Each structure stands twice: as C-alpha cells, then as structure tokens.
Amino acid sequence: MEDTNLSQSYRVAILGATGAVGAELLELLYSRNFPISELKLLASERSAGTTLPFGGEMLPVEAVSARAFDNVDIVLASAGGSTSKLWAPKAVAAGAVVIDNSSAFRMDATVPLVVPEVNPQAAASHRGIIANPNCTTILMAVAVWPLHKVRPVKRIVVATYQSASGAGARAMEEMKAQARAILAGETPKTDIFPYPLAFNLFPHNTPINDLGYCEEEMKMVNETRKIFGTDEIKITATCVRVPVLRAHSEAINLEFAEPFSPIEAREILKGAIGVKLVEDWQANYFPMPSEASGKDDVLVGRIRQDISHPCGLEIWVCGDQIRKGAALNAVQIAELLAQKDLLGVPAAAASN
Ligand code: A2P
C-alpha cells in the first residue's frame, strides 16, 4: 500500500460512486492510503440503498441531495457533465473542494485544469472547483510534457484508439454483449453507442462542429493548450472508438523547432514521472492496451524519427483511461491539495 504521508484526515465524498471511474476511485483511495475520516458514496436515486466495498467494509450509497455535501472537505465527482453542473456549485457553497472529472468546467478560465505531473502549481488558484482533464488529453500530456520541457513542441498530430471504458461501465457491458451476440450469429444491440463496437470501430461519437472536428478532438486541442499554459502549440486530432474494453492508445506525431533525436527523447522519457518506456524493437514489442490496463503509468514506445520531417518525432502511447485518464489523476489532485494545504474554499467563491 502506498503511503501518502499526510498528517490530517479528510471527509471525502464520491459523486458517481457506482460508475466505472467511481469503482476505481474507491480502490485508489484505499490502496494509496488517502487519509479519510469519513467517506460518503453518492449516486443517482437508482442506486440509493445499495452498498459498495471499500477496503474490507461495505459502505451504503446515497442519492445525491443538497444536504449530501454538508461536512465534506473533498468531492471527487464523476457522474457526467449535467450532474456536475447541478451539484458542484452546491458542494462548493457547502465548503467542499470539488475535483470534477466531467467536461463541465474544464475550459472555465477561473477553474484550474490539472495534471499533477505537468502543472501542479495551477491547483493553488482554485476557487472551489478543480477540473480533471479529458482522458485522452491526460495520457498525451503526461507523455509529451517531458519532451516539451526540454524543447518546445510546435505542432502535434494525434490519432486515438479509444476503448469502450471511456463511455462508462454500461458501455463496457454493451460491447461484451455485442461480441457474444455476434459470435452467436445474432444482431448486436446498441444502446449507449450509436453503432456496434464489437468487431468494429467508428470515429468518436461526440457532436461535430462547423470545422468537422468532434468534441473529443477539440478537447485534446483546447485542454492540452490550457494544461501546457500556451496557445502557441498547433494541435490536430482524430479520435476513434475501437473494440478494446479498457485503456486508450494514441499515435502521436510531434514537430519541434529543431531536430529531437529519438535517443535523447528515449532518455528523457525513461526518467519521466508517470511514464514507463516499453520498447523491444527486435521483438516488435511496444505498449498495448491490455498491458496498460490497471496500471498507473502511461506506457510509451515506438519512439522514432519522423522520416517525413527533419524536426519530427513519432511516439506510441497506451494508458488506462479509467486510472491515469480519470480516477488516478483525480486522487493525485486530492493528494496535492492535502500536501500543499490547498483545501477549503475562498469565502467569495462559497457565497457565489
Ligand atoms: P447510478 O449508478 O445511480 O446511475 P458510468 O460513467 O460508469 O456510467 O457511471 C456514471 C455514474 O454517475 C454512476 O455512479 C451514476 O449513478 C452516476 N450518475 C448518473 N446520473 C446521475 C445523476 N443524475 N445524479 C447522480 N449520479 C448520477
């Protein structure tokens, strides 16, 4: 068990405790020994009265309500954008700091968007809400930041291969049911996804803007710039949903102002926090989502010179979307707040 070595204990609530990210939040708070004096599990009316395991105990799930945030220090929210929009301000008004996994507040200029390996300092400016970035953005940021720090990246071209877990626990079950149906010669049912995902893939199914980019792609563009603290980087993304149960993959092309040798990039990434280098060129062995699943580190490999550009570098990245792409990043933010004594809501923000 990891010991975060914090002297105080905190009253924590998980909003969306019954979801895929909620389950991982429970596991991580326990395994990382986050100091909890009281833990509240919140979800919709549907789950009220059920229980969930935390360590050796079974804890009750409550339906979220206005009073649910009384006497809570930290809310870890992962219940979708509309739920966060409704409840996060109420939690802040009750004095809690909300670490929000939804996209509701990410691009709000008053809300820090934090990846602890990249911009931990941003957390200090919170006014009650800290946003956890989009999962594909977090994985790319962890892998690209160590290189960007040494030599600023000018342009990023990324293609993603996103697993069913990105759409939640029910989406993972839907894909399994589709696979069983197809193997039995039946027509697969779709409920969460617009099309069958099993034995198939499709461009990410978020709304498309006037430029032809879907929301997920624009999140990668806008959120990466906010996290890196620069609007100078040019970014284009193509996001695709693939029939993988858990963990996302990304093919990332980086263009620098000057050449960046793969040997130097490999050395930098070898020592980078939150990154694990996975490369055996002879065996053609590189990061795979099956090996990234359940792991904290972002796996990086296939670091090679882009033969089409003297200042280009290609990298291949896999990371657990539920863990580093969501729950782990949120718990690391909570640890950061506790370590740096950044809990508590400024009076002006609480009364808003
Ligand atoms: P519930 O299980 O009661 O529906 P996932 O992303 O894995 O699908 O999980 C979504 C999480 O968000 C679940 O815990 C779900 O609770 C919760 N949730 C969804 N809608 C609401 C809502 N309106 N109020 C509170 N929690 C919600």
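Tutor: A residue is termed buried when its relative accessible area is under 20%, exposed when that area is over 50%, and partly exposed in between. The model under discussion is a predicted one.

Let us begin with the overall division. The protein chain falls into domain 1, made of residues 10-104 together with 326-351, and domain 2, made of residues 137-321. Taken over C-alpha atoms, the centres of domain 1 and domain 2 are 27 Å apart. Where they meet, eight residues of domain 1 are in contact with seven residues of domain 2. About 570 Å² of area is buried between domain 1 and domain 2, and carbon and sulfur atoms give 53% of it.

Because its relative accessible area is 29%, Arg-11 is partly exposed, whereas Asp-73, at 18% relative accessibility, counts as buried.

A second pair belongs to the part you asked about. Glu-24 lies in helix H1 and Arg-246 in the loop between strand E10 (234-241) and strand E11 (248-256), so this pair ties together parts that are 222 residues apart in sequence. Glu-24 is buried, because its relative accessible area is 10%. The side chains of Glu-24 and Arg-246 meet in a salt bridge at 3.4 Å, N to O. Across the interface of domain 1 and domain 2, the rule finds one salt bridge. It also finds two residue pairs in polar contact across that interface, both at pLDDT 80 or more. On the side of domain 1 that touches domain 2, the elements giving two or more residues are helix H1 (20-31) and helix H8 (323-339). By class, that side of domain 1 has four nonpolar, two polar and two charged residues.

Glu-24, Glu-27, Arg-246, Asp-296, Asp-320 and Arg-323 are linked in a network of salt bridges.

The side chains of Lys-324 and Glu-117 form a salt bridge at 2.8 Å, N to O. Here too distant parts of the chain are linked: Lys-324 is in helix H8, while Glu-117 is in the loop between strand E6 (97-100) and strand E7 (129-131), 207 residues apart. Lys-324 and Glu-117 are both buried.

Finally, let us return to strand E11, which contains Ser-249. Ser-249 is buried, because its relative accessible area is 3%. Apart from its neighbours within four places in sequence, Ser-249 is in contact with residues including Ala-159, Tyr-161, Pro-289 and Trp-316.

Conventions: Residues are numbered from 1 along each chain as its sequence is written. This is a predicted model: local features need pLDDT of at least 70, side-chain atom pairs count only at pLDDT 80 or more; totals for chains, interfaces and linings use all residues. Side-chain values use heavy atoms; hydrogens and water are left out. Domain bounds come from an automatic or database domain assignment. Contact means heavy atoms within 4.5 Å. Buried area is the accessible area (1.4 Å probe) that two parts lose on being put together, summed over both. A salt bridge is a side-chain nitrogen of Lys or Arg within 4 Å of a carboxyl oxygen of Asp or Glu. A polar contact is a pair of N or O atoms within 3.5 Å; within protein, one must be able to donate a hydrogen and the other to accept it, and residues adjacent in sequence count only if both atoms are side-chain atoms. Helices (H or I, at least four residues) and strands (E, at least two) are DSSP runs, numbered from the N terminus. Ala, Val, Leu, Ile, Met, Phe, Trp, Tyr, Cys and Pro count as nonpolar, Asp, Glu, Lys and Arg as charged, and the others, Gly among them, as polar. Buried means under 20% relative accessible area, exposed over 50%, partly exposed in between (1.4 Å probe, protein chains only).
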